[in-house]
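These are my notebook entries on a structure that I looked up.

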Amino acid sequence: MSEHLDRRSFLKRAGAVGAGAVVAVRLSGAERAAAQDATFHPDPAAKRGGTLRYGILSAAAHFDVHQSGTVANIGPQSPMYDTLIRRHPKDGQTIIPDLAQRWEISPDGKKYTFHLRNGVKFHDGAELTADDVKATYERIARPPQGIVIPRTPLFATVGDIVVLDPHRIEFRMTEPRPKAYMLGAFASGWNIIVRKKTLDDNQGNLRQVMNYPGTGPFKHVSRQDKEVWIQERNPSYWNKGLPLVDRLEIYHLPPFSPELGSSFLSGKIDYARLLDPVSWRKAKEMPGVTAAAFNQSVIQAFWTNMQKNKALADPRVRRAIHLAMDRPTLVEVVKDTAPMQVGGFVYPFHETSTPRAELEKKLGYQKDIKPAVQEARRLMKEAGYAGGLRGLDFVVRDIASFKLWSVAIQAMLKEHLNIESNLRVVQTSVWFDEAKAGNFDLAISAIVSSLMDPSDIFSAWYGKDGPQNYSRWTNPAFHDLASQIERELDDSKRKPMVRKAEDILEQDPPLIPVAYEQIYDAWYNRVHGQNPSTYFGIYDVVRWDNVWLG
Amino acid sequence: MRKYLARRAVYAAVTLLGVSLSIFVILRILPGDPLVAILGVEGHARMTPTDRVRIMADLGLSAPLPVQYAHWLGDIGAGRLGKSFFRGDTVAELIAHRGPISAEIAVLALIVSWLVGLPVGILSAFKPNSMPDGLARAISVLFIAIPGFWLGMLIVLALLFWFGYKAPIVIVQLWQDPWRNVQIVIGPGLVLGLAQGAYIARMSRSCLLEVIGEDFVRTARAKGLREGLVVLRHALPNALLPVITISGVLLGFVLGGSVAVEQAFGVPGLGRALVTAVIERDIIVVQNLVLLYAVIFVVVNVFVDLSYAWLDPRIRYG
């Protein structure tokens with residue numbers, strides 16, 4: 001039995017969640033407090049006990065969740081930690097209390113006050129206080145030297161973090177940001193609360209500290225590198241009745257790998273995350289198994305080096321390349337390697353982006369690509385490159401989907417625009433070296449964001465000094481608009497601004513979108529309490545406290 | 001004999017020193033930044049030059065190369081073998097945990113190669129150019145030609161789709177649970193063993209054919225000995241020397257092949273650890289594992305050389 005989320009039901013659910021958020025925001029103070037009293041409680045029908053065997057990439061390069069950007073950390077470590085607020089495990093979208101029982105946002109959006117729960121204990125027995133939260137967020141917002149935290153920019157406008165009393169903490173902003181953006185940042189699964197003492201004892205670096213105390217529903221038992229991480233139920237967990245399973249066995253099984261697929265299909269694990277499409281389709285047909293697909297916070301794209309290559313600095317050439325891509329075919333090319341969907345410059349499933357039906361009518365996204373190619377050729381001619389381009393250095397990250405795509409893209413460029421490129425396949429670490437150093441003409445890879453909110457990607461992916469703006473792209477009109485979008489607190493005004501930004505990106509592409517990733521999960525029906533169909537990415541709802549075995 | 005041993009020990013030490021120096025230099029000049037694996041793509045993109053300097057110093061990578069090399073040799077001398085860049089695990093722990101599985105696979109492969117290769121070689125040599133000989137030669141060539149990792153993947157898929165079976169996904173040592181341990185090592189051991197067995201079959205066939213034509217074999221036959229005895233007692237011991245030599249060389253193939261075959265079977269042995277370390281640019285792990293493989297290869301070949309004297313009384317080392 002599978003539960004597939006189609007566009008209609010996704011929009012309905014997203015709409016309901018959005019409406020809920022709007023209602024919650026507009027409630028009076030007292031009402032707001034009541035609305036926030038929505039701590040996650042277990043399903044009354046849930047059974048206690050048992051061992052959940054979960055397969056996920058879990059060979060992290062280090063143990064510091066804050067410094068990480070990979071599921072290899074958040075997959076196995078999240079069950080041991082809590083966040084200030086969290087996404088509801090039922091829909092993966094609604095923000096609900098976690099260690100903060102409730103919160104208040106000042107009318108001008110410049111103060112976020114969180115009220116922490118009493119009696120929350122870390123696994124080492126120490127009580128959680130606002131000092132721990134302050135130490136955690138000081139580190140995230142202003143990491144010490146040698147500590148690199150990808151979520152730091154989300155808190156760029158956090159000024160002072162003030163401990164009002166042991167259970168009350170206030171974040172004072174230098175300037176306001178949209179509430180959904182800030183609350184989304186606080187609810188991010190990466191921002192786990194750790195002890196101040198832990199940070200002090202380790203000079204702020206937890207990279208090589210395997211078992212630092214959290215407040216989460218599970219406690220560390222043992223770990224065998226690149227094999228299994230075993231955790232047991234935290235009997236003193238603050239959320240009484242949770243977690244529901246006694247033991248977690250988290251197996252290191254790489255994404256899209258035959259090992260993960262075979263381990264799931266042979267019943268060696270109960271729940272598999274990031275299955276390859278072939279195993280997922282097989283799982284979908286199996287009786288007693290549920291298979292779900294959901295959106296991931298990743299764009300697959302290739303960059304055009306504007307500083308190295310004069311032709312690529314011309315927006316007309318970049319738009320021509322953008323239009324020459326047959327995206328439905330590119331999705332098809334990798335369908336047995338990784339699940340993908342067509343999209344533009346903003347997450348295609350985000351409420352502010354151009355709806356899919358509308359997008360599919362635009363040049364560059366249509367199934368019939370003839371009109372787009374015609375326009376692309378016109379643009380090339382207009383830019384003075386009617387004869388095409390020769391000898392472009394196309395750097396390809398050594399991952400199956402990129403290798404498949406690069407060949408298809410190379411052929412599309414040659415056939416549609418007479419652009420000739422030489423593929424150079426390199427290891428991941430080399431790819432980033434080359435991309436940073438600007439040693440490429442074209443370079444294909446994938447990048448992620450922490451939030452679905454356009455402001456996050458507008459700064460990280462397309463920002464003038466954005467860390468992932470590998471094309472070295474600048475467009476003053478866009479940067480100005482992005483800055484306004486970031487500051488605009490009214491959602492109804494933000495939406496048309498985002499559309500306008502999309503239009504700029506369409507005409508002057510900072511990268512060439514190839515596809516947006518999806519995640520394939522599957523689980524045996526004995527696993528209850530979680531269905532990720534409406535989740536965004538695999539980094540927010542990752543705690544397994546709500547899951548039970550029937 | 002002592003002189004010979006001392007000479008071989010010196011050669012071995014020089015060889016290993018050369019290997020250590022080569023792998024040390026190669027790993028440092030290869031492109032690729034270990035900080036991508038440590039900080040992740042986003043973290044790496046946001047890293048400032050100051051952060052880089054600090055992290056490289058923490059990892060011990062900012063010291064001059066001769067100093068780094070001397071530290072490594074010091075670590076080897078102390079038996080620590082250094083620490084992984086990433087999680088702080090020592091390479092010695094890694095070897096202690098994963099080594100036994102890889103060793104079992106290598107030993108199993110060796111046993112399988114002899115158990116399969118030698119009888120097939122004898123059978124072929126018994127009746128050269130007969131149908132069984134042709135069949136044995138064809139199968140030998142097939143196993144030499146088929147890549148181990150591909151055969152491994154086929155076996156894994158066949159077991160999964162026909163029997164819903166998969167071997168245990170975490171290491172179970174022989175002394176912990178022999179049955180589950182065997183399930184882990186049997187697949188890679190067989191695949192590697194059959195490939196090596198094919199070489200041994202071909203080598204033993206050609207050596208036996210050569211020896212069977214010798215005068216002493218003709219004499220044995222003339223005495224009226226049964227053909228089986230002629231082959232097993234007189235011809236085979238004399239044909240074994242080259243087979244033993246090739247077994248030592250083949251161990252190198254087993255070690256190299258185990259990297260891909262462990263990956264195909266999903267066995268968390270040393271070969272797979274090496275693949276992961278290469279991808280992560282965990283150079284401390286890579287250099288120690290490569291050196292370990294080199295040590296095994298050199299030591300085995302010394303033993304192979306020494307075994308000649310035991311197998312053939314005419315050979316003496318001085």
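Entry 1. I looked up the contacts of Ala443(A), leaving aside its neighbours within four places in sequence: Phe302(A), Trp303(A), Val395(A), Trp431(A), Glu434(A), Ala435(A) and Tyr470(A) are in contact with Ala443(A). Two residues are in contact if their C-beta atoms, placed from the backbone, lie within 7 Å.

I noted the conventions here. The model is predicted, local features need pLDDT of at least 70, side-chain atom pairs count only at pLDDT 80 or more, and totals for chains, interfaces and linings use all residues. Residues are numbered from 1 along each chain as its sequence is written, while chains are lettered from A and ligands numbered from 1 in the order in which they are written.

Entry 2. I then turned to the largest nonpolar core, which has 247 residues; Phe302(A), Ala324(A) and Ala443(A) have the most contacts inside it. Helix α10 (residues 227-265) of chain B gives the most to this core, namely 16 residues. Such a core is a set of buried Ala, Val, Leu, Ile, Met, Phe, Trp, Tyr and Cys residues joined through C-beta atoms within 7 Å. A residue is buried if 20 or more other C-beta atoms lie within 10 Å of its own, exposed if 12 or fewer, and partly exposed in between. Helices (H or I, at least four residues) and strands (E, at least two) are DSSP runs, numbered from the N terminus.

Entry 3. I looked up backbone angles next. Lys226(A), in the loop between β8 (218-224) and β9 of chain A, has a phi near 60°, a positive value in a residue other than glycine. Lys226(A) counts as buried because it has 22 C-beta neighbours inside 10 Å. Arg472(A) also is not a glycine and has a positive phi of about 60°. Its place is the loop between α16 (454-460) and α17 (476-487) of chain A. With 16 C-beta neighbours inside 10 Å, Arg472(A) counts as partly exposed.

Entry 4. I found a cis peptide bond between Leu242(A) and Pro243(A), with omega about -5°. Pro243(A) lies in the loop between β9 (228-233) and β10 (247-252) of chain A.

Entry 5. In which sense do strands β14 (residues 389-397) and β15 (residues 419-426) of chain A pair? They pair in the parallel sense, over seven bridges; strands pair if DSSP finds at least two bridges between them. Phe394(A) stands opposite Leu423(A) in β15(A).
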